[in-house]
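Subject: Structure for your review

Dear colleague,

Please find below the structure that I am handing over to you, together with its sequence. My notes on what was found in it follow.

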Amino acid sequence: MITYREANPFDLPVFVSLDKALFPYSPWSPAQYKEEFSSPTRHFVVALDEDQSIVGYAGVFAPGGAEADVLTVGVIPEHRGRGIAKALMALITDWAITRGSIAMMLEVKTDNIEAIAMYESLGYSQLNIRKDYFGSGLDALVMRRDLP
Ligand SMILES: CC(C)(COP(=O)(O)OP(=O)(O)OC[C@H]1O[C@@H](n2cnc3c(N)ncnc32)[C@H](O)[C@@H]1OP(=O)(O)O)[C@@H](O)C(=O)NCCC(=O)NCCS
């Protein structure tokens, strides 16, 4: 059974190593994660397997009263296709709503078919393209979902 909880500073090394595997084009450094984890406008959650190992994670920036930004969402390949990412997205979206956010925004690499399909199934629409957002030649699709 998969369980979910808020991330804590002890999870930081796992976020860093999973980032390298899942986002080789834009991994965050330990220093970046340390700063993000300590910010009251950010919220990170993890999915755990039966052994309490982290198999997925997500994070959101919600300054309150404005758009929230999905910072990251990832699930290790062995656990994909079972609704874990959707559950993680629901948790960070609920948190953004409690912060008074008016919409969820995100940037996704334009060739990331699986993620774009997931965001569309969650009600996100395509806004525009940001050239070279993830580095030279790596464009991002900006997506948005209004919140109730
Ligand atoms: C994108 C990712 C997070 C999806 O994780 P997941 O746990 O497999 O996703 P879920 O099982 O919750 O599926 C959510 C939706 O994604 C879509 N989806 C997932 N895998 C898909 C695939 N292989 N092909 C097409 N659509 C897919 C579907 O719409 C699915 O909803 P449905 O099952 O109701 O149809 C995962 O593939 C991943 O970690 N990829 C690498 C990191 C990444 O690119 N993250 C997004 C960065 S913006």
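Predicted model: local features only at pLDDT ≥ 70, side-chain atom pairs only at ≥ 80, totals over all residues.

Glutamine 52 counts as exposed because it has 9 C-beta neighbours inside 10 Å, and a residue is called exposed at 12 or fewer.

The strands around this loop

S2 and S3 form a hairpin, with five residues between them. The two strands pair in the antiparallel sense over seven bridges. One example is histidine 43, whose bridge partner in S3 is valine 60.

On to the next strand: S3 and S4 also run antiparallel, and six bridges join them. Here, alanine 58 has valine 73 of S4 as its bridge partner. S3 and S4 form a hairpin with five residues between them, and in its turn glycine 64 has a positive phi of about 95°. Six of the eight residues of S3 are buried, so the strand is largely enclosed by the rest of the structure.

Is threonine 72 buried or exposed? This residue lies in strand S4. Threonine 72 counts as buried because it has 22 C-beta neighbours inside 10 Å, where the threshold for buried is 20 or more. Leaving aside residues up to four places away in sequence, threonine 72 touches Tyr57, Ala58 and Gly59. The C-alpha atoms of threonine 72 and proline 13 are separated by 16 Å, and the two residues are 59 apart along the chain.

Helix H3

H3 covers residues 84-98, which is 15 residues. From its first C-alpha to its last it reaches 22 Å, close to the 21 Å expected at 1.5 Å a residue. Its buried residues are Ile84, Ala85, Leu88, Met89, Ile92, Thr93 and Ala96. Seen down the axis of H3, these fall within an arc of 165°, so they line one face of the helix. An α-helix has 3.6 residues a turn, so residues three or four places apart point the same way.

What covers the buried residues of H3? The cover includes strands S2, S3, S4 and S5 (103-109), together with helix H4 (113-121). Just after H3, glycine 100 takes a positive phi of about 80°.

The ligand

There are 18 residues around the ligand, and those that come nearest are Arg80, Ala85, Lys86, Ala117 and Met118. S4, H3 and H4 are the elements that give two or more residues to this shell. The largest share, five residues, comes from H4. By class, the shell has nine nonpolar, five polar and four charged residues.

Aspartate 132 lies in the loop between strand S6 (125-130) and strand S7 (140-146). Its phi is near 60°, a positive value in a residue other than glycine. Aspartate 132 is exposed, with 10 other C-beta atoms within 10 Å.

Yours sincerely,
A colleague

How values were computed. Residues numbered from 1 in each chain as written. Helix = DSSP H or I, 4+ residues; strand = E, 2+ residues; numbered from the N terminus. Expected span 1.5 Å × (residues − 1). Arc of directions from axis to C-beta. Contact = placed C-beta atoms within 7 Å. Near = placed C-beta within 6 Å. Nonpolar A, V, L, I, M, F, W, Y, C, P; charged D, E, K, R; others polar. Pairing = 2+ DSSP bridges.
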